[in-house]
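Subject: Structure handover

Hello,

Here is the structure I said I would pass on. Please open it beside this email and follow along.

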Amino acid sequence: MPTLLDILEAHQKNKKDKRVFGLVLPGGGMRGVYTAGAATVLLHYGLQQAFDHVVGVSAGALNGAYFLSEDAETLSHTFQDDLTNKNFVNLLRKDKPIDIDYLIDMVMKHKRPYDIEKLKKQKTKLHIMLTDAKTGKSVIDSSHDTLEEIYEEFRATAALPFVYGKQIPIDGHYYIDGGVADNLPIDVAVKLGCTDIVVILTQQLSAYHFGKRHQRLMNQLVRRYARNYELLLRKKLLTDERLLQANLRVMQHPTKKVRFYILEPSDEEALVSLGSIDKPKVERLGKIGVADMDTFLHTEVKQ
């Protein structure tokens, strides 16, 4: 039986292959270091053109973009070296406890500038998920014409409600974190026509829980911190689990037309909190992402 690596390499080489491959990278805050580690392995094996579409949310979108620009250095070091500090996360700071402006303006623009020209040369399409701040609906941004434009797309897809709070203007519309509307956008990959979808999760499937306790917490957060949000967006914040549940069902019980290859962290206890700045733990999770993806690629797949 072929391995996943065999399948991806064959698709990358065979221009007549009618299958459409997608890579889905959900959000996860600092757990995005796991996705980053996994993406460096894909680069190591030269698989940056093995996918027809890359769909990313929040940290997943940033990792997907750097993956397509073939920037292994940024993927390997940003979370561990640039974000494990109080400039980025300081929960005692009333204004922006998680400072996305620091991430974009200091880290991405100056320390690790993005190479949009490499992205433009890729045949793979990058799709960044945003949430319309007025309607709460999911928006897919697939055109990235200028460097300044893509930086604002990065800022918008990562604009966490409650702990960052800004609404980011792009072309006359305002957006927040793409994960509010669709944090596991396999539905988008399916709509794009993907027949084979690789999904890199930032938590184990068994860790997804939907209960009254979570709903009560969301109610409290919305009442306290989302008073200035539009009504439709506040409603979306309270019902954001519905699409996630639907996507999980599709992923676990796919139709014959779509095949999923699901990578989940091998060690649930190694996961960090969404706003962790514990450098040793963040580094460890990144290394687990590397090891897990290498094992994943060499796993035999039933055809």
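The model is predicted, so local features need pLDDT of at least 70 and side-chain atom pairs count only at pLDDT 80 or more, while totals for chains, interfaces and linings use all residues. Residues are numbered from 1 along each chain as its sequence is written, and side-chain values use heavy atoms, with hydrogens and water left out.

Helix H13

Helix H13 covers residues 279–297, 19 residues in total. (Helices are DSSP runs of H or I with at least four residues, strands are runs of E with at least two, and both are numbered from the N terminus.) From first C-alpha to last, H13 reaches 27 Å, close to the 27 Å expected at 1.5 Å a residue; the expected span is 1.5 Å times one less than the number of residues.

Among the buried residues of H13 are Val 282, Leu 285, Ile 288 and Phe 296. Buried means under 20% relative accessible area, exposed means over 50%, and partly exposed is in between, with a 1.4 Å probe and protein chains only. Seen down the axis, the buried residues of H13 fall within an arc of 155 degrees, so they line one face of the helix; the arc is that of the directions from the helix axis to the C-beta atoms. Pro 280, Lys 287 and Thr 295 are exposed on the other side. The partners of the buried residues include helix H1 (4–13) and strand E8 (259–263).

Thr 157

Thr 157 belongs to helix H7 (residues 147–157). Its relative accessibility is 0%, so Thr 157 counts as buried. Contacts of Thr 157 beyond four places in sequence include Val 57, Ser 58 and Asp 177, where contact means heavy atoms within 4.5 Å. A polar atom of the Thr 157 side chain lies 2.8 Å from the backbone nitrogen of Ser 58.

Tyr 164

Tyr 164 sits in the loop between H7 and strand E5 (168–170). This residue also counts as buried, because its relative accessibility is 5%. The side chains of Tyr 164 and Asp 101 make a polar contact at 2.6 Å. A polar contact is a pair of N or O atoms within 3.5 Å; within protein, one must be able to donate a hydrogen and the other to accept it, and residues adjacent in sequence count only if both atoms are side-chain atoms.

Asp 141

Asp 141 is in strand E4 (residues 138–141). A polar atom of its side chain lies 3.4 Å from the backbone nitrogen of Ser 143.

Regards
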